[in-house]
Amino acid sequence: MSYILSSSKKFKKTKRDNYISTLQSLPDDLLIDILSRVGSISFTDFFNAKLSCRDFLEVSQEKFIMKNISVEKFHAVPWWEVKDEISSFLKACEESGNPELLYRQGMMEFFSLKKVESGEENLKRAMEMEHMEASYVYGIILLCKGGECSNEEQGIKLLNAVLKSRKLGECRERTRAFVLSMWVNNPIVKSQELITSCHAETCGGRRRRRGWPWIYERDEDVIDENFCEACMWDDEVSLFCKRFS
């Protein structure tokens, strides 16, 4: 019996040594890619992986990993003091260009801290990395700004991309939850209606003004009416702005 237990321990040790030896033979670029993929799915798995061997631990602070790691585990707007190690970790992720943290910082700066320019810039940076909620909010901001025709065109283009991704409903809910979690000191206001491209005679948008007018809670529940883009997104902007009233 003791011989069997001894053999079992030797087998486990040999297996572990082979695992470590295999990792040590991998180039750093591949280790970074592996850890980045793990971290993008789960922070907990990332944390466990980097503690599993020295090779992962040594590359765990690489900017590419910090940029792609999932931070969903951490509250967007914590209502209590954050531990120094967590604060340092999140700061490193933000400085590495993590799109979720850029989005969160942009939301806080624009709507709460009244740092409009830097908030808008962070939302734009997150949008450029295809962060859906950032694309949604930045598109709304552009439409609210009015003025230049390019703002309206880019805003509509961004919102159309969100709609095409079939994540519009999710973006609505997540941004609503974010707004409710912070002190709003800079409510967004719509400057004008988006009527530049509305075909009033054929558009059904002017005849219907209640709730989310052309898409329900699920993105696939599209109402079969002839809405032009301008009217669809004009309604979206109006209802987004009502969250601040």
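Leaving aside neighbours within four places in sequence, which residues is Met107 in contact with? The views below, all taken from a predicted model, begin with that residue and its surroundings.

**View 1. The surroundings of Met107 in the predicted model.** Once the neighbours within four places in sequence are left aside, Met107 is in contact with Ser112, Leu123, Val137, Phe178, Val179 and Met182. Met107 is also listed, together with Tyr103, Phe111, Tyr136, Val137, Ile140 and Ile188, among the residues with the most contacts inside the largest nonpolar core, a set of 33 residues. The elements that give two or more residues to this core are helix H7 (99-112), helix H8 (116-128), H9, helix H10 (149-164), H11 and helix H12 (229-241). Of these elements, H9 gives the most, with nine residues. Apart from this core lies another, of 18 residues, which includes Leu35, Phe56, Val71 and Phe89. In soluble globular proteins, nonpolar side chains tend to be buried together.

**View 2. The packing of helix H9 against helix H11.** Helix H9 (residues 132-145) and helix H11 (residues 168-180) pack with their axes 9 Å apart and at an angle of about 80°. Because angles of 65 to 115 degrees count as roughly perpendicular, H9 is described as roughly perpendicular to H11. On the H9 side the contact involves Met132, Glu133, Tyr136 and Val137, which meet Leu168, Cys171, Arg172, Arg174 and Thr175 of H11. By class, the residues of this contact divide into five nonpolar, one polar and three charged. Two of the H9 residues in the contact, Tyr136 and Val137, are also named among those with the most contacts inside the core of 33 residues.

View 3. Leu143 lies in helix H9, which spans residues 132-145. Because its relative accessibility is 2%, Leu143 counts as buried, the cut-off being under 20% relative accessible area. Although Leu143 and Trp233 are 90 residues apart in sequence, their C-alpha atoms are 8.5 Å apart in space. Among contacts in the protein between residues at least 6 apart in sequence, 66% join residues at least 24 apart.

View 4. A pair of aromatic rings is described by the distance of the centres and the angle of the planes. With ring centres required to lie within 6.5 Å, the count comes to eight aromatic pairs. The rings of Phe110 and Phe111 have centres 4.9 Å apart and planes at 65°, so this pair is edge-to-face. Phe110 is buried, with a relative accessible area of 6%, and Phe111 is likewise buried, with a value of 0%. Elsewhere, ring pairs link Phe43, Phe46, Phe47, Phe74 and Phe89 into a cluster.

**View 5. The contact of helix H2 with helix H3.** Helix H2 (residues 28-41) and helix H3 (residues 43-52) pack at an angle of about 145°, and their axes are 5 Å apart. Leu35, Val38, Gly39 and Ile41 of H2 make this contact with Phe43, Asp45, Phe46, Ala49 and Lys50 of H3. Six nonpolar, one polar and two charged residues make up the contact of H2 with H3.

Key:
Residues numbered from 1 in each chain as written. Predicted model: local features only at pLDDT ≥ 70, side-chain atom pairs only at ≥ 80, totals over all residues. Heavy atoms only, no water. Helix = DSSP H or I, 4+ residues; strand = E, 2+ residues; numbered from the N terminus. Buried < 20%, exposed > 50% of the residue type's maximum accessible area, 1.4 Å probe, protein only. Phe/Tyr/Trp six-rings, centres within 6.5 Å; stacked < 30°, edge-to-face > 60°. Axes fitted to C-alpha atoms, helices over the stretch in contact; angles between N-to-C directions. Parallel < 35°, antiparallel > 145°, perpendicular 65-115°, else oblique. Contact = heavy atoms within 4.5 Å. Nonpolar A, V, L, I, M, F, W, Y, C, P; charged D, E, K, R; others polar. Core = buried A, V, L, I, M, F, W, Y, C linked by side-chain atoms within 4.5 Å.
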